[in-house]
Amino acid sequence: MYVWSKRIVTGLLAAFAILLALFLIQSPGAASSTLKAHTTFWITLNYAGLVIWVFVWMFDQAHTRAKNVWPWLIPFLFAPLPILMVYVLYLQRRLTA
């Protein structure tokens, strides 16, 4: 599982933070959305399914490595992608004996 370098993950986290900041700055505020209700529903449903699937993968990886995944649940619900990247780095760290 040592396929993610720290440089790549750091770059992805920085890009995520920059894009999130741009999104929040450019949001229209209280303007009404042009998306249809069913489109929003399907986007939300797919996102929820993806979040559940990724957390199951995280649980499986933690179980395989005898680690505890439950402290990662609350941060994961707020920001799944950055927490997933940090979690992968956490699992990859070398243990000193």
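The structure is a predicted model, in which local features need pLDDT of at least 70, side-chain atom pairs count only at pLDDT 80 or more, and totals for chains, interfaces and linings use all residues. Residues are numbered from 1 along each chain as its sequence is written, and side-chain values use heavy atoms, with hydrogens and water left out.

The secondary structure of the protein chain consists of four helices and zero strands. Helices (H or I, at least four residues) and strands (E, at least two) are DSSP runs, numbered from the N terminus. Along the sequence, the pattern is therefore written α-α-α-α. Helix α1 spans residues 6-26, helix α2 covers residues 37-64 and helix α3 covers residues 73-78, and helix α4 takes in residues 80-92.

Contacts show how separate parts of the sequence meet; a contact means heavy atoms within 4.5 Å. Of the contacts in the protein chain with a separation of 6 or more, 65% are between residues 24 or more positions apart. Distances between C-alpha atoms give particular examples. Ala-14 in helix α1 and Pro-82 are 68 residues apart along the chain, but their C-alpha atoms are separated by 9.5 Å. Ile-8, also found in helix α1, has its C-alpha atom 9.8 Å from that of Met-85, 77 residues apart along the chain.

The interior may be considered next. Buried means under 20% relative accessible area, exposed means over 50%, and partly exposed lies in between (1.4 Å probe, protein chains only). Buried residues make up 20% of the 97 residues in the chain. In soluble globular proteins, nonpolar side chains tend to be buried together. A nonpolar core is a set of buried Ala, Val, Leu, Ile, Met, Phe, Trp, Tyr and Cys residues joined through side-chain atoms within 4.5 Å. The largest such core here has 13 residues, and those with the most contacts inside it are Met-58, Val-69, Phe-76 and Tyr-87. The elements that give two or more residues to this core are α2 and α4. Beyond its neighbours within four places in sequence, Val-69 is in contact with Phe-55, Met-58, Phe-59, Ala-62 and Tyr-87.

Aromatic rings form a further set of links. Rings of Phe, Tyr and Trp (its six-membered ring) pair if their centres lie within 6.5 Å; planes under 30 degrees apart count as stacked, over 60 as edge-to-face and the rest as tilted. The whole structure holds six aromatic pairs. In one of them, Phe-55 and Phe-76 are 5.6 Å apart centre to centre, with 40° between the planes, so the pair is tilted. This pair links distant parts of the chain, with Phe-55 in helix α2 and Phe-76 in helix α3, 21 residues apart. Both residues are buried, and together with Phe-59 and Trp-70 they form one aromatic cluster.

Accessible areas come from the Shrake-Rupley method with a 1.4 Å probe; for residues, only the protein chains shown count as cover. The chain exposes about 7800 Å², of which carbon and sulfur atoms supply 72%. Ile-52 counts as exposed because its relative accessibility is 56%, whereas Ala-14, at 39%, counts as partly exposed.
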